[in-house]
Amino acid sequence: MSSYGNYPYQRLRRNRKSDFIRKLVQEHHLLVTDLVYPVFIVDGKNREESISSLPGQKRFSIDQLLKVANECSRLGIQGLALFPMIEGAKNDKFALESYNPDGLVPRAVNVLKHEFPNLGIFTDIALDAYTPDGHDGVVDEHGYVSNDLTNEILAKQALCHAQAGADFVCPSDMMDGRVLKIRATLDNNNFVNTGIMAYSAKYASTLYGPFRDATGAVSRSGSSLGKSGKTTYQMNPANSHEAIHEARLDLYEGADIIMVKPGLPYLDVVYRIKSEFKKPTAVYHVSGEYAMLKQCGDWLDYDRAVMEVMLCFKRAGADIIWTYAAIEVANLLRTGC
Ligand code: PBG
């Protein structure tokens, strides 16, 4: 305790007494440039559908998506992450639609990059939107999600998104070796500047429930994900050393940015990964976390609660925050909440 000198009695409240001093001693700050907005897209025209599990969020057809992109870019949000709802008969065991160059995602990417070249476009690399059961990969005859066969398809999907103009492809599937396979495929096709944001520590979380409603995976598959859900590929929420291994491998395989998902219950993992690698680190404030805040009603002040959560992501070490609250947060930052 020698650094406290001879007089040990400290009054830490002095630096909390007034607004000006609280602001001057503040260690972490949230900026609008930290935010990426995940958005749901559907085929068709003039569609803007509410999502009952995600109050305030909608599924947009590409024409309506342009308005969202415009708002994000006006507010200073740095990017959009696209999640498709694939309808009709376009789901099949081998997820053929996932790398159709005329599919919904490549078309959306193309139009967005044309209209808003400065807005970062992030695409999801996984097969769940395209398989009948909602698994992120191809299910074999034993009900197991086949790793290497899935990687082949993921690489085609990533290349298809890169060709459409995606800035970053974001594998969220948790297959082993996917980042290496995707990096090699992109490089071999001269997409050396398309980035990879890897969902490195993605946990088998119940907090993805509203997302699976938003993409239609729930209604399509019912409970056909099976009793074990995605636990044979997504991480066990009990583990954090394993998250370090996952992130190290993804970086080694060529990931530019690593992500932790979900966010709030996993801040220890964000902190560990950032401290260990000191690499660009993203956190995904997932659908269930967002929905919980929204559905608290009058029991908490939503605006202040959401800003607190965002700041806690920064304190834990996140550089980038994916949140459905991005537009709300950007507006709150403007009004100085
Ligand atoms: C699909 C994917 C999921 C999410 C992002 N990409 C769902 C899942 O793994 O089942 C969840 C995002 C959220 O809950 O907001 N691979």
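Is Asn-46 buried or exposed? Asn-46 is exposed, with a relative accessible area of 58%. What you're looking at is a predicted model, and its protein chain has 12 helices and 12 strands.

**Overall build**

- How does the chain's radius of gyration fit with a compact globule? A compact globule of 337 residues would come in near 20 Å, and the protein chain has 21 Å, so the two agree.
- Of the 337 residues in the protein chain, 54% are buried.
- Take the contacts between residues at least 6 apart in sequence: 76% of them join residues at least 24 apart.
- The protein chain exposes about 16100 Å² of surface, and carbon and sulfur atoms supply 52% of that.

**Charges and salt bridges**

- The protein chain carries 37 positive and 40 negative side chains, and the centres of those two sets sit 8 Å apart.
- Side chains of opposite charge can pair when their charged atoms come close. Here the count comes to 19 salt bridges.
- One of them joins the side chains of Arg-107 and Asp-43, at 3.0 Å from N to O. This pair links distant parts of the chain: Arg-107 is in helix H3 (residues 104–115), while Asp-43 is in the loop between strand E1 (35–41) and strand E2 (48–50), 64 residues apart. Arg-107 has a relative accessible area of 31%, so it's partly exposed, and Asp-43 is partly exposed too, at 24%.
- Helix H3 also holds Lys-113, whose side chain meets that of Asp-167 in a salt bridge of 2.7 Å, N to O. Asp-167 sits in the loop between helix H4 (147–164) and strand E8 (168–171), and the two partners are 54 residues apart.
- Why does Lys-113 count as buried? Its relative accessibility is 18%, and buried means under 20%.
- Arg-248 and Glu-276 form another salt bridge, at 3.2 Å from N to O. Arg-248 lies in helix H8 (residues 241–253) and Glu-276 in helix H9 (residues 267–277), so the pair ties together parts that are 28 residues apart in sequence. Both ends are partly exposed: Arg-248 at 39% and Glu-276 at 44%.
- Some salt bridges share partners, and that joins Arg-47, Glu-49, Arg-59 and Glu-87 into one network.

- Most residues other than glycine have a negative phi, and most peptide bonds are trans.
- Asn-46, from the opening question, has a positive phi, near 55 degrees. You'll find Asn-46 in the loop between E1 and E2.
- Asn-190 also has a positive phi, near 65 degrees. It is located in the loop between helix H5 (178–188) and strand E9 (195–202). With a relative accessible area of 68%, Asn-190 counts as exposed, because exposed means over 50%.
- Which peptide bond is cis? It's the one from Lys-261 to Pro-262, with omega near -5 degrees. Pro-262 itself sits in the loop between strand E10 (257–261) and H9.

Conventions
Residues are numbered from 1 along each chain as its sequence is written. This is a predicted model: local features need pLDDT of at least 70, side-chain atom pairs count only at pLDDT 80 or more; totals for chains, interfaces and linings use all residues. Side-chain values use heavy atoms; hydrogens and water are left out. Helices (H or I, at least four residues) and strands (E, at least two) are DSSP runs, numbered from the N terminus. The radius of gyration is taken over C-alpha atoms; the globule rule is 2.2 Å times the number of residues to the power 0.38. Buried means under 20% relative accessible area, exposed over 50%, partly exposed in between (1.4 Å probe, protein chains only). Contact means heavy atoms within 4.5 Å. Accessible areas come from the Shrake-Rupley method with a 1.4 Å probe; for residues, only the protein chains shown count as cover. Lys and Arg count as positive and Asp and Glu as negative; His and the chain ends are not counted. The place of a charge is taken as NZ of Lys, CZ of Arg, CG of Asp or CD of Glu. A salt bridge is a side-chain nitrogen of Lys or Arg within 4 Å of a carboxyl oxygen of Asp or Glu.
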